[in-house]
Amino acid sequence: MMNLRLQAMRRRVRDHEHAVRRQPVAPDVLRECEEQHLSWPRRAARLVRRMCEAEVPLIEAEDRIVFTRTVPKVPPIYSPQQWRELTAGRTLHELGPISNICADWGMVLSQGLLGRREVAQAARRRLSDDSAAMEFLAAALETIDAVLGLARRYAEAALAAGRAELAEILQRVPARPPRTFHEALQSLRLLHAAVWLGGHYHVGLGRFDQYMWPYLDADLRARRLDEARAEELLAEFFISLNRDSDLYPGVQQGDNGQSLMLGGATRDGASGVNPLTAMALRVARDVAMIDPKINLRISKDTDLELLALAAELTAQGLGFPQYSNDDVVIPALVAHGYDLEDARDYTVAACWEFIVAGKGMEVVNIGAVSMPAAVDVAIRAGLAAGAGFEAILDRAEAEMGRQLEAVVSRYRRLLLPPAPYYSVLMDGCLESGRDLSQGLKYSNFGVHGACSASAADALAAVRKTVFVDRSVAPAELIQAMDANFAGHDSLRRALLDAPKVGNHDDQADDMLVALFDRFASACEAAGDNGRGGIVRPGSGSAMYYVWLAAGHPGMCEPVTGTTADGRRAAEYFSANLAPSPGVRVRGPLSVLQSFSKLDYRRVCNGGPITLELSDALFGDVEALRKVALLVRSFAASGCQQLQLNTINVAKLQEAKRHPGRHRNLIVRVWGWSGYFCELEEPYQDHVIARHAFGM
Amino acid sequence: MQTGIVFDIREFSIHDGPNLRTTVFLKGCPLRCAWCHNPEGLSPQPQVIDTPSGTRTSGQPYTSAELARLLNRQAGLLRAGQGGVTFSGGEPLLQAAFVAEVLDQLDRLHVVLDTSGFGDEASFHGLAERVDLVYFDLKLMDPAMHRRCTGQDNRIVLRNLDQLAGLATPCVIRVPLVPGVTDTEDNLAAIARAAAGVPHLVRVDLLTYNRAAGGKYAACGMEFHPQWDESQAVRANTAVFEAAGLPVTVH
């Protein structure tokens, strides 16, 4: 499928040849905002407009899906002084601008920006005596016109470059609904890229095969397009998503949230798998770049052939697809107040957090509860006070509750900046005259229950050595931990030999279950999040597997030193749901069984079981089918989410030594795939140290 | 109740049978194949293994009930993966009574017996008749060569193959390809003739020599002395099997 033209295109993008067109300075938006005394919504709109205007269209001879960002930096709309005053006493989420949500791309495509414009105009007539609404709608209209203007200039540039056919497409979309698959892809490229121009990030792509299939289906039926040509267009679209992604903010390069969902149920509960589902998997496999990050919704009934195709991506080492289990996720969302139709329509935010496109202004990653820290405090205080084991568990719950309250209370003061353009792309904002930042149908928060395996292992080790076997005295344990186990080898050995999560051993798994149960109770007890939503507990770690062990500037969560599972200070935790580093486990089935014990109805913010497979596995012809069956057994086990990575430790070590020779080597990091050589060392080392299941 | 010695239980084992499987490696083998890549399985007794990451004891006793309980706990997942359990080794026939007792207690699991074919005839018959699929090794058809390379006579192996031919249990014949030793035209042709006499043969698997074969010897306090050129490519001669009308795969 990757013909020479596409291969050359991919190489040019990887080499960032287009980066020479990037402009050194961003437009000065602040000055006019001040001179005209613009309101915040109008400033946000003006930013989008000036950013669109500053873009210099780039039409490369080969490209049939265009847009290349040439203004790398997003300029400020307030002076630092004004910004401080504006945000005083409030909490900004990460960088400030709304991020990590998903637009209703299907709706926007089908209406076109002119259709959205009409909706805004109708609302203006209806809401003419609501000044806030009028202000918002004027801002939204300014952004619609700005993006239309950008498309118009791209059309002119295409015409000037002798690309009449491309010009015709750009004259059509994103203004009007696409007539073809090609137009739909071009429309999405512009609409999506424009979100980033306003300073937003982690802009998800949602259920791509659901909203795109009608356009492709119509082309195939009318024989305007055959499958091969469709795949080529799709490959171009996927490659285009990698053009500007080095400019997108994230904790690490590659952490950019361009997640794309495939498969799963439709809103009425039927199977939504269509021919585009498999096509997108094939194309992602062949393009083999880090964007878009592919997610696949499955159930225990998902076709084995589709799973085997997905396994081909895993075999290539792309680190995706990440699998979400409809059988578990949908009931959990319903249990948390989502309408059944919306629950069936879920997608993921940047990494794994379940959201509903177009209907959620959710902040799914307000921070983490450090389970190791909570357990460590509970163990030390409990043992010092001569408490029993149950009392230690109770202290751990109280401690998690305290950490949670610290995070949630900050976020009860959350300040979301107005987002007029993003609002155009959501359900109901234009209709009601209310900016996205005012909230949507779903306004929940999500918190990571981070580094759970180590915390459960610590509890299991204390229970066994101190309370059951009575082989370790409480004071001795505290002393050994204070000494980071120096001179306490046999005690540390006893802790390491205690039951561990990942072996389907109830002595450890019960601790994991108890921790998540109590974490979920703490989240329920937190009540309203200040925005009419709840706080959803999750099981992911994000980057906290490094931060909670080693610390990070500006981090609010506590750092934990030596832990009672035998882990020395500063050693990293496992990412998401995975046995602790160095723990000997029997194999992936036991890992699945350990994590299948969690009550995912209560723990629904997402966070995958993270399994590494040795790439030596894929030497066998049957390996793909076997990986597919492993994924099916994951679904049958009642687990919620799974990410599989394929690694070759020797190759990773070699890549660390000679990055230049391995610049295209991809690995899964915590909830996304990145280029190994572009990661900072701690993240590289963590991937190398993960336990890979062989044959 | 029988007790067995197990040196490994490996989940998601790729090479040991169809679909999603967990393989039980039983300790102890009567053969001493010169190319054996799993020296841990040779001695029937638990032994201390000295690996680069520390010492550990290889070989753990399980009662049949313990092992069955452990496997049954995964039955749901294994069935969802359309697979089951494989008994391998070492040589499972050496612990046939133990294996039989485990089989008695398994919860509707597909079972593969992975055997060298060298073992007591009644034991072989008893297990082979009960399992769902037999993986049967054929290494060398020439008796002298077989004695030289495995330390044992192949008459017992061939008698068990005859027994297998009389059973309804489907089987796969597996041939380790060792360069210049087992991959000769004559040997493979003789194996093809023998395989053709087995009515429920599913296919023949040719297993190419693994150059990491000697990797575990030092850890077991043993030395590996290949009498063949390890750098030489094996001849995966599928033609002789295809000519005999036998499905054949190369791994």
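Predicted model: local features only at pLDDT ≥ 70, side-chain atom pairs only at ≥ 80, totals over all residues.
Residues are numbered from 1 along each chain as its sequence is written, while chains are lettered from A and ligands numbered from 1 in the order in which they are written.

Let's start with chain A. An automatic or database domain assignment gives domain 1 (1–96 + 110–175), domain 2 (202–352 + 608–695) and domain 3 (363–404 + 428–604). Take the centres of domain 1 and domain 3 of chain A over C-alpha atoms, and they are 42 Å apart. These two domains are in contact through 12 residues from domain 1 and 6 residues from domain 3; "in contact" says that the C-beta atoms of two residues, placed from the backbone, lie within 7 Å. On the domain 1 side, helix 5 (105–126) and helix 6 of chain A each supply at least two residues. Helices here are DSSP runs (H or I, at least four residues), numbered from the N terminus.

Now look at helix 7 (residues 164–172) of chain A, where A:Leu166, A:Ile169 and A:Leu170 are buried. A residue is buried if 20 or more other C-beta atoms lie within 10 Å of its own, exposed if 12 or fewer, and partly exposed in between, with C-beta atoms placed from the backbone. Seen down the helix axis, the buried residues fall within an arc of 95°, so they line one face of helix 7 of chain A; the arc is that of the directions from the helix axis to the C-beta atoms. The buried residues of helix 7 pack against helix 6 (131–160) and helix 8 (181–197) of chain A. Over on the other side of helix 7, A:Ala164 and A:Glu165 are exposed.

What about chain B? Here 22 residues of chain A are in contact with 19 residues of chain B. Helix 24 (588–595) and helix 25 (623–636) of chain A each give two or more residues to the chain A side, and the largest share, 7 residues, comes from helix 25.

B:Leu77 is buried, because 26 other C-beta atoms lie within 10 Å. Leaving aside its neighbours within four places in sequence, B:Leu77 is in contact with A:Leu589, A:Leu592, A:Gln593, A:Ser633, A:Ala636 and A:Ser637.
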